[in-house]
Amino acid sequence: MTTILAIERLSKTYDNGFAALKEVNLAIARGEIFALLGPNGAGKTTLIGIVCGLVRASAGSVTVDGFDSAADYRNARRKIGLVPQELSTNQFESVMEALRFSRGLFGKAPDPAHLERVLRDLSLWDKRDQRIGALSGGMKRRVLIAKALAHEPEILFLDEPTAGVDVELRRDMWEMVRRLRDKGVTIILTTHYIEEAEDMADRIGVIDKGELMLVEEKRALMRRLGQIHVTIGLTQKLDAVPAALCDLNIDLAPDGMALTYTQKGEDCDDRLAALLKILVSQGIEFCSVNSQRSSLEDIFIDLVGRRR
Amino acid sequence: MNFYAIRAIYINELGRTWRTLFQSIASPVISTALYFVVFGSAIGSRMQAIDGVAYGAFIVPGLILLTVLTESVSNASFGIYLPRFIGTIYELLSAPISALEVLVGFVGAAATKSVILGLIIFGTARLFVPFEVAHPVLAFGYLVLISMTFALFGFILGLWADGFEKLQIIPLMVISPLTFLGGTFYSIDMLPGVWRQVALFNPIVYLIEGFRWTFYGISALTPLISLGLTFGLLVLCSAVVVWIFKTGYRLRS
């Protein structure tokens, strides 16, 4: 794994004294999809802002593919595309004009074929001559993505890309993100929809109050912090947890009609099988087995909530 | 040097002019034409010649500058304020471009537009009153210099402004009155003693007198002082812009 973005001891204190980032360290691997999660005001946008050049760091360094983002900002920024959170567009420009502008701004020679590809990928080709102001919110979001891709960046930042976007567009967008990743583009996104991060990301970082609380591979994170919650519906009421099950950490539902079982970590399937065998051997009849894996959202709330 | 970026900004800014063609070009031309009808043809025919120049011709350089100064300031200020206001500034800030390139793009486009306007007004004036230009090359060079200086000033204004009022107030309340009082319609030699002294504190007097000298070879002031002052303003505005970009003032938090 080669690192394409290295953030070291990055801090930001705004003029009003608010410390938005506190010595954040983070390394992003080439070609991965990294999801940055955190509550509002956690420092996500400040972090992205510093890497992209919108915000000045108070201390620390950012290295983009070997180029220091302050000393060698031209080479560093050339590699980055940013899709901002706000729908900031020039309403009076046409879609094509906007894309040409973006490409030029990043120092690339005109390439109509590339712009056409980007527009077609985002289903914007038919709208290329329309004024951006005449497009719907979802289409404007696509235009912002197209603008960010106009200069063929190697790293794409998506700051809350699916906020206020309908289901269909959201699905298209993730489809596009996957295609970009297949082409080798590194993607760093922030999102409020945690299930999206769960679905898309290779690794996940959780940031809160300016501190990066954890960075972990999604599967490992789910395994380490996830839980499986099993509910076994019984055909006959029980008064107490059977003695044979006592050391398995099993609870009886208040109505006595179900046994519940919670297991930390992801791999507990053999335990469940063992449990079911005991039930059969004890002659306890059951009518349903329902197992629920905790989502990233539960993990996230648990993590952040602990600090409140 | 990121030439593609300069070109992108320059084309984009001129594109804005193109989209608002009527507002950008037609309205200053119409208002200038009105000045010529009223002051040049109607009143001018009853005015004495000033230093041997017919009144209608005498006001031409001042009228050109009246539009060029206000348009340079408002175009450049609007050009950089608009992205700040609607949020598209993020793209400029995240792009691999230096402050100088941003400046050349924005100020170059605003100055280009002003020069074109100046030439259009010149042509319009020529339809109303007959006149010859004594030093055409100097006149054009001076027009470019003034356009650049005031576009730079407008750029600073657009960075400083935090609302549309502030954006409009300077061209409307400062540049326009100073140009009117700066000898567009009269020679400052026509002012009574004290007022002539007061008028010398108005920098625009020097610009108009200098520009008029390139037209007719007449000036109430030394042309070199005019040129020096214009360069002085250019250097001052450039210094302020350099400071702005160094500190990130109103651009990067």
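I began with A:E8 in this predicted model, and found that A:E8 stands opposite A:S61 in strand 4 of chain A. Looking up how the two strands are joined, I noted five bridges between strand 1 (residues 3–13) and strand 4 (residues 59–64) of chain A, which run antiparallel.

Next I turned to helix 10 (residues 296–305) of chain A, where I listed A:L296, A:I299 and A:F300 as the buried residues. They cover an arc of only 100° around the axis, which means that they lie on the same side of helix 10 of chain A. On the other side of this helix I found A:D302 and A:G305 exposed. I also checked what the buried residues of helix 10 pack against, and wrote down strand 3 (33–37), helix 7 (194–200), strand 9 (203–208) and helix 8 (218–225) of chain A.

Last, I looked at the contact between the chains, where 27 residues of chain A meet 21 residues of chain B. On the side of chain A that touches chain B, the elements giving two or more residues are helix 2 (73–78), strand 6 (80–83) and helix 3 (95–105) of chain A, and helix 3 of chain A gives the most, with five residues. I sorted the residues of that side of chain A into 13 nonpolar, seven polar and seven charged.

Conventions:
Residues are numbered from 1 along each chain as its sequence is written. Chains are lettered from A and ligands numbered from 1 in the order in which they are written. This is a predicted model: local features need pLDDT of at least 70, side-chain atom pairs count only at pLDDT 80 or more; totals for chains, interfaces and linings use all residues. Two residues are in contact if their C-beta atoms, placed from the backbone, lie within 7 Å. Helices (H or I, at least four residues) and strands (E, at least two) are DSSP runs, numbered from the N terminus. Ala, Val, Leu, Ile, Met, Phe, Trp, Tyr, Cys and Pro count as nonpolar, Asp, Glu, Lys and Arg as charged, and the others, Gly among them, as polar. A residue is buried if 20 or more other C-beta atoms lie within 10 Å of its own, exposed if 12 or fewer, and partly exposed in between; C-beta atoms are placed from the backbone. The arc is that of the directions from the helix axis to the C-beta atoms. Two strands pair if DSSP finds at least two bridges between them.
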